[in-house]
Amino acid sequence: MGIGDVYRQQFRTTFASFVQYRASIFIWTIERILEPLIYLVVWSAVARARGGDVGGFSTGQFAAYFIVMMLVTQATYTWVMYEYEYKIRHGSLSFALLRPIHPIHTDLVDNISSKLITLPLMLVAAAALVLLFKPSFSPPLWAAALFVPVLLMAFAVKFVVEWTLALSAFWTTRVSAVNQGYFVAALFLSGQMAPLSLLPHALQVAASLLPFRWMISFPVELLLGRLDMAQAMVGLAAQAAWLALGLVLLRTVWRAGVRVYSAVGA
Amino acid sequence: MRFLRLFFVFFRIGAMGELAYRANFFLQLLESAVDLGTALGGLAVVFSYTSTLGGWRPEEVAALIGVFFLVGGALRLVVQPSMEQLIENVREGTLDFMLTKPEDSQVLASIQRVEIWKITDFFLGIAVIIVALIRMGERLGALQVVEFAAALVAGGVIVYSFWIILASLSFWFVRVENILVVFQSVYEAGRWPVTLYPGWLRIGLTFLVPIAFATTVPAQALAGQMTWQTLAEAFALAAALFAASRFLWRAGTRHYSGASA
């Protein structure tokens with residue numbers, strides 16, 4: 001049986017179980033819709049207070065920014081950091097270790113299945129927000145073409161980085177502090193709270209040096225036509241570098257982690 | 001003040017359980033502080049581009065964030081854990097034990113579990129409010145402070161009643177935890193003045209999920225935007241929701257059969 005068959009079967013299983021337990025998946029979707037909506041409203045109010053423009057963003061461009069942001073967040077979210085805290089603390093990771101395949105494959109399938117299930121709701125929300133907030137949005141053709149690979153890379157980087165961080169649960173039971181620190185950093189540095197160009201310069205530099213910008217903000221900036229071709233290429237290179245580094249770290253940390261794992265709660 | 005004495009008893013029980021894990025206090029304090037820092041950081045970014053946001057000055061929005069933490073802290077301290085416990089009690093039939101106690105069952109159910117470390121949010125919220133009040137200085141009249149306190153009481157009653165109404169639905173439907181989770185995520189929208197939101201969302205946040213009265217309205221009193229009409233509405237809604245919660249609780253406990261006990 002090849003890896004393709006494994007994926008197909010896993011998809012069938014996961015999809016069926018998610019359709020059964022869809023309520024909690026949809027609850028998370030509400031949060032993903034609400035957060036960009038709140039910041040869209042706040043920044044629109046700022047733009048209005050300043051006569052229609054904040055650092056190169058009009059109200060219509062803010063609307064475009066946060067609606068695209070919402071869709072990019074949908075495409076890139078993962079919940080592995082919460083899941084592994086539970087799995088490792090309660091020892092249920094042991095079952096995954098018994099299988100002859102790396103657990104990351106199952107996590108990937110779970111993640112993609114949940115996105116497919118919630119996609120219709122997300123699209124409806126996006127359409128409603130487009131009608132309500134009238135975004136001004138005209139992406140250059142080349143940027144739109146490049147958006148898909150950039151978005152896939154963003155998801156890959158985020159998935160690998162968060163999967164690696166999730167493994168901190170092997171060494172400490174206080175993962176919630178790690179998670180919170182990470183999510184706060186992500187809120188500011190990946191452009192979820194405000195476009196990165198509106199943040200203080202030091203934070204912008206940090207966002208570009210760390211993986212945060214490349215995980216969420218970069219695809220949004222690209223599709224909004226705020227980058228030229230050269231900047232887009234630099235971004236892709238940064239994504240590739242973080243993906244490579246992330247994969248190396250993931251392998252190393254996973255091997256070391258499994259060795260210290262003692263299945264406490266099982 | 002039987003209610004306060006009862007609450008104190010449950011608080012002590014919660015404390016006795018948690019004092020064995022004192023390190024959790026510092027962890028919770030750290031989490032609350034980071035959360036607050038995030039909220040104030042967002043505020044700083046927004047107000048670096050404007051001096052007022054939809055008519056709100058920075059210290060007024062800071063006071064709003066203080067109220068948000070205060071009310072949220074109180075909810076997470078006692079209301080939320082108690083309601084989750086209640087739903088569990090109804091499902092497992094262990095509510096029987098509570099109904100047989102010689103005390104009002106709604107009161108008991110509402111305070112039965114106290115997660116004491118969540119009190120950090122509560123006190124950080126108060127600290128932020130105090131700092132914001134000092135920054136407002138002489139702009140602030142005594143009447144406004146009274147209005148603020150009154151609006152806070154009304155808002156607290158509204159949010160409490162709303163929670164217990166939702167939790168009481170568990171007498172008829174099995175899975176209501178999800179509704180509670182939805183309320184928690186919608187509560188996040190209360191970090192900013194609801195007056196900023198477009199009409200449909202503002203009405204939803206005022207009447208459908210009444211967080212506006214818990215966070216924005218008290219802060220409005222401090223910002224000097226409070227009208228007597230708003231305050232009257234807040235108290236009317238508080239009274240109506242509280243009466244409804246009382247009614248639903250009575251109907252629910254009558255309907256309850258302790259099936260699985």
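This is a predicted model: local features need pLDDT of at least 70, side-chain atom pairs count only at pLDDT 80 or more; totals for chains, interfaces and linings use all residues.
**A walk through the helices of chains A and B**

On the α1(A) side, the residues making the contact are A:Val6, A:Tyr7, A:Gln10, A:Phe11, A:Thr14, A:Phe15, A:Phe18 and A:Val19. Facing them from α6(A) are A:His105, A:Thr106, A:Val109, A:Asp110, A:Ser113, A:Ser114 and A:Ile117. Sorted by class, this contact of α1(A) with α6(A) has eight nonpolar, six polar and one charged residues.

Now move over to chain B and its helix α2, which runs through residues 23–47. Which residues of α2(B) are buried? They are B:Gln28, B:Ser32, B:Leu36, B:Ala39, B:Gly42, B:Leu43 and B:Val46. An α-helix has 3.6 residues a turn, so residues three or four places apart point the same way. The cover over the buried residues of α2(B) includes α2 (22–49) of chain A, along with α3 (58–92) and α6 (119–136) of chain B.

Finally, return to chain A and look for A:Phe147 in helix α7 (residues 141–166). Because A:Phe147 has 18 C-beta neighbours inside 10 Å, this residue counts as partly exposed. Beyond its neighbours within four places in sequence, A:Phe147 is in contact with A:Pro219, A:Leu222 and A:Leu223. A:Phe147 and A:Leu222 are 75 residues apart in sequence, yet 6.8 Å apart in space, C-alpha to C-alpha.

Terms used:
Residues are numbered from 1 along each chain as its sequence is written. Chains are lettered from A and ligands numbered from 1 in the order in which they are written. Two residues are in contact if their C-beta atoms, placed from the backbone, lie within 7 Å. Helices (H or I, at least four residues) and strands (E, at least two) are DSSP runs, numbered from the N terminus. Ala, Val, Leu, Ile, Met, Phe, Trp, Tyr, Cys and Pro count as nonpolar, Asp, Glu, Lys and Arg as charged, and the others, Gly among them, as polar. The expected span of a helix is 1.5 Å times one less than its number of residues. A residue is buried if 20 or more other C-beta atoms lie within 10 Å of its own, exposed if 12 or fewer, and partly exposed in between; C-beta atoms are placed from the backbone.
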